[in-house]
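Work through the exercises below with the sequence and the model open. Try each task before reading its solution.

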Amino acid sequence: MRAALVLAGLLAATAASAAECRQEHAVYADRDGGYELAFEPVGSDAAVTTHHFKLKILASDTVLDGIVMPGDPARSNGMVMHDCPEGDSTGEEIAACTVWEGVIYALDGGDAALLPEEGKPAAETLLLSGFGSSLRYSKLWDEGKASAVPWDVFKRKGCKA
């Protein structure tokens, strides 16, 4: 009986901590476990972006930078970039280092929604529409930094402290 109570307490604590994960600390993985997407705090209320994240290609240890910007109409417009120049950049330079650009959807309860704001509970599942095919036809593929096409769906696998 005592073991059952301890197990029930652990399960409740795990469920509570999973529910408490905020979007800026959420970590996701694609279905095959080859890619990991980890959000991080933006760090400024004055930022043009609403979210920042890193996307790791686990087979090559390549790390891509991601941002989300609000759209009009309301959309979570995402970009994934690799080796972009620092500081002021031209549109042409940004285009050259952009691997994917599209809408990031939160898929919870079967509905597509905007990505939760920082400070809000993290989405369970994300859809980066067209990400896999964009990566497949990017220079990362040609350079051997990516060799498996990921699914466009990423499921939450954890939460960073």
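**Exercise 1: Confidence**

Helices (H or I, at least four residues) and strands (E, at least two) are DSSP runs, numbered from the N terminus.

Task: Over which residues is the pLDDT below 50?

Solution. The stretch is residues 1–18. Beyond near neighbours in sequence, this stretch has one contact in the model (contact: heavy atoms within 4.5 Å). Where pLDDT is low, the predicted coordinates should not be read in detail. For the chain, the mean pLDDT is 87, and 88% of the residues reach 70 or more.

Ground rules: this is a predicted model, where local features need pLDDT of at least 70 and side-chain atom pairs count only at pLDDT 80 or more, while totals for chains, interfaces and linings use all residues. Residues are numbered from 1 along each chain as its sequence is written, and side-chain values use heavy atoms, with hydrogens and water left out.

**Exercise 2: Layout**

Task: How many helices and strands does the chain have, and in what order do the elements run?

Solution. Step one: count four helices and nine strands. Step two: read from the N terminus, which gives α-β-β-β-β-β-α-β-β-β-α-α-β. Step three: check the contacts. Of those with a separation of 6 or more, 47% come from residues 24 or more positions apart. Step four: check burial. Of the 161 residues, 34% count as buried (under 20% relative accessible area; exposed is over 50%, partly exposed in between; 1.4 Å probe, protein chains only).

**Exercise 3: Disulfides**

Task: Which cysteines are joined to each other?

Solution. Apply the cut-off: a disulfide is a pair of cysteine sulfur atoms within 2.5 Å. The count comes to two.

- Cysteine 21 is joined to cysteine 159, S to S 2.2 Å. Cysteine 21 lies in the loop between H1 and S1 and cysteine 159 in strand S9 (residues 153–159), 138 residues apart. The S-S torsion is about 95 degrees, so this disulfide is right-handed. Cysteine 21 is buried at 2% relative accessibility; cysteine 159 is partly exposed at 40%.
- Cysteine 84 and cysteine 97 form a disulfide with their sulfur atoms 1.7 Å apart. Cysteine 84 sits in the loop between strand S5 (76–81) and helix H2 (91–97), and cysteine 97 in helix H2, so the bond ties together parts 13 residues apart in sequence. With 85 degrees about the S-S bond, this link is right-handed. Cysteine 84 is partly exposed at 22%; cysteine 97 is buried at 5%.

Numbered in sequence order, the bonded cysteines pair 1-4, 2-3.

**Exercise 4: Rings**

Task: Why is the pair of tryptophan 100 and phenylalanine 131 classed as it is?

Solution. Start with the rule. Rings of Phe, Tyr and Trp (its six-membered ring) pair if their centres lie within 6.5 Å; planes under 30 degrees apart are stacked, over 60 edge-to-face, the rest tilted. The structure holds four aromatic pairs. For tryptophan 100 and phenylalanine 131, the centres are 6.1 Å apart and the planes at 85 degrees, so the pair is edge-to-face. Tryptophan 100 is in strand S6 (residues 98–108) and phenylalanine 131 in helix H3 (residues 131–136), 31 residues apart. Tryptophan 100 is buried at 1% relative accessibility, and phenylalanine 131 is buried at 0%. Elsewhere, ring pairs link Tyr28, Phe39 and Phe53 into a cluster.

Key. pLDDT = per-residue confidence, 0-100.
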